Amino acid sequence: MTLSSRHIITMDDLTPDEIVHILDTAESFAEINERRIKKLPTLRGRTIVNLFLEPSTRTRTSFEIAAKRLSADGINFTASASATVKGESLRDTAATLAAMSCDLVVVRHKMAGSPYILTEAMDCSIVNGGDGMHQHPTQALLDLYTMRQRLGHLEGLTVGVVGDICHSRVAGSLVPALRMVGARPIVIAPPTLLPSRPDVLGAEVAYDLDEVLPELDVAYMLRIQMERAEGMPFPSLREYAKLYGMNSTRLAKMPAKSIVMHPGPMNRGVEISQDVADSDRSLVLEQVESGVAVRMAVMYLLLGGADSGAAA
Ligand code: CP
């Protein structure tokens, strides 16, 4: 099975069946990541460009590792090392890369919608590695993968997405992704961190975290995006942590098998306490680990899957 869309820019580019197929394919790649020699010839001769024009640790590194493990030729661009610092436009950067015949570009950019500029300027697959406050679809896929690995299923899970909903591209992809696999997303935040029409998110909305804790299979904590907020959306970080931070007292109010997740980077002591972040109920590092296998699956399936001449 190949994917119906050539690009993954939002969750709308995937069907529910395709999401499950990506997760299943990632499972077979995860086994390779356990081996001493972690390499397959699957994408030999294919060129993958990581165009990261905004900072990243997890996404950039895991796409790089995923490309290497599949034997693709990976080229890494960061903002500081590219001609964008001299004022080159994204469209001209894309046209320049297109002239060098790449097969897939992963792009991270501060402007929402920027991956679409690449689809117009380039004749290759584009994967959104996070665009402004819009979407981050491979983060949602790795989050679904991590939940399924730990909890055994996705359908019927109640997932509280807590915190800075209105500035978060992670929430922008995770909420629709959860709905597509039959889970129940609840966004939990103060009104100042929700969009003005929270009903358009397609999730239930709650303002009191303590009230919904007993219902949650997953508490997905979001970072406060201070760099995107205009003014303080709450009186103080201390006040925010008191009302919306995950801590051991709140964790104790959740069901025994429930888990805590965070896309990283974490603000310890704000949206998640030190002890919860390092507890065995926190899957933060499992999420990072899943990122490599899921991104291997995404690259493999976008570049032809089994039709590319090699099996997962
Ligand atoms: N989760 C995430 O996108 O992290 P990075 O910004 O480090 O890539």
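Which strand does V49 lie in? V49 belongs to strand β1, which covers residues 47-52. Keep in mind as you look around that this is a predicted model.

Along the chain, V49 and D103 are 54 residues apart, yet the C-alpha atoms of the two are separated by 8.1 Å.

## Who surrounds the ligand?

Now go to the ligand, which sits in the largest pocket. Around the ligand you'll find S56, T57, R58, T59, R108, H136, Q139, P263 and G264. Sort this shell by type and you get one nonpolar residue, six polar ones and two charged ones.

R108 has a polar side-chain atom 2.8 Å from an oxygen atom of the ligand. H136 uses its side chain as well: an N or O atom there is 2.9 Å from a ligand oxygen atom. With G264, it's the backbone that takes part, as one of its polar backbone atoms lies 3.3 Å from a nitrogen atom of the ligand.

How much of the ligand does the protein bury? On its own, the ligand exposes 250 Å², and the protein buries 91% of that.

## A cis peptide bond

The peptide bond that runs from G264 to P265 is cis, and its omega is near -10°. P265 itself is in the loop that links β9 (259-261) and α10 (274-277).

## Two serines with positive phi

Finally, here's a pair of serines to compare. S71 has a positive phi, near 65°, and S71 is not a glycine. You'll find S71 in the loop between α2 (58-69) and β2 (73-78). S101 has a positive phi too, near 55°, and again the residue is something other than glycine. Its place is the loop between α3 (90-98) and β3 (104-109).

Are these serines buried or exposed? S71 has 15% relative accessibility, so S71 counts as buried. S101 has 55% relative accessibility, so S101 counts as exposed. The cut-offs behind those words are under 20% for buried and over 50% for exposed.

Note on methods: Residues are numbered from 1 along each chain as its sequence is written. This is a predicted model: local features need pLDDT of at least 70, side-chain atom pairs count only at pLDDT 80 or more; totals for chains, interfaces and linings use all residues. Side-chain values use heavy atoms; hydrogens and water are left out. A residue is near a molecule or strand if one of its heavy atoms lies within 4 Å of it. A polar contact is a pair of N or O atoms within 3.5 Å; within protein, one must be able to donate a hydrogen and the other to accept it, and residues adjacent in sequence count only if both atoms are side-chain atoms. Accessible areas come from the Shrake-Rupley method with a 1.4 Å probe; for residues, only the protein chains shown count as cover. On a 1 Å grid over the protein atoms alone, a cavity is a set of points where a 1.4 Å probe fits but cannot get out, and a pocket is an open set with protein on both sides within 12 Å along at least five of seven lines; lining residues have an atom within 4 Å of a point. A molecule sits in a cavity or pocket if more than half of its atoms lie within 2 Å of its grid points. Ala, Val, Leu, Ile, Met, Phe, Trp, Tyr, Cys and Pro count as nonpolar, Asp, Glu, Lys and Arg as charged, and the others, Gly among them, as polar. Helices (H or I, at least four residues) and strands (E, at least two) are DSSP runs, numbered from the N terminus. Buried means under 20% relative accessible area, exposed over 50%, partly exposed in between (1.4 Å probe, protein chains only).
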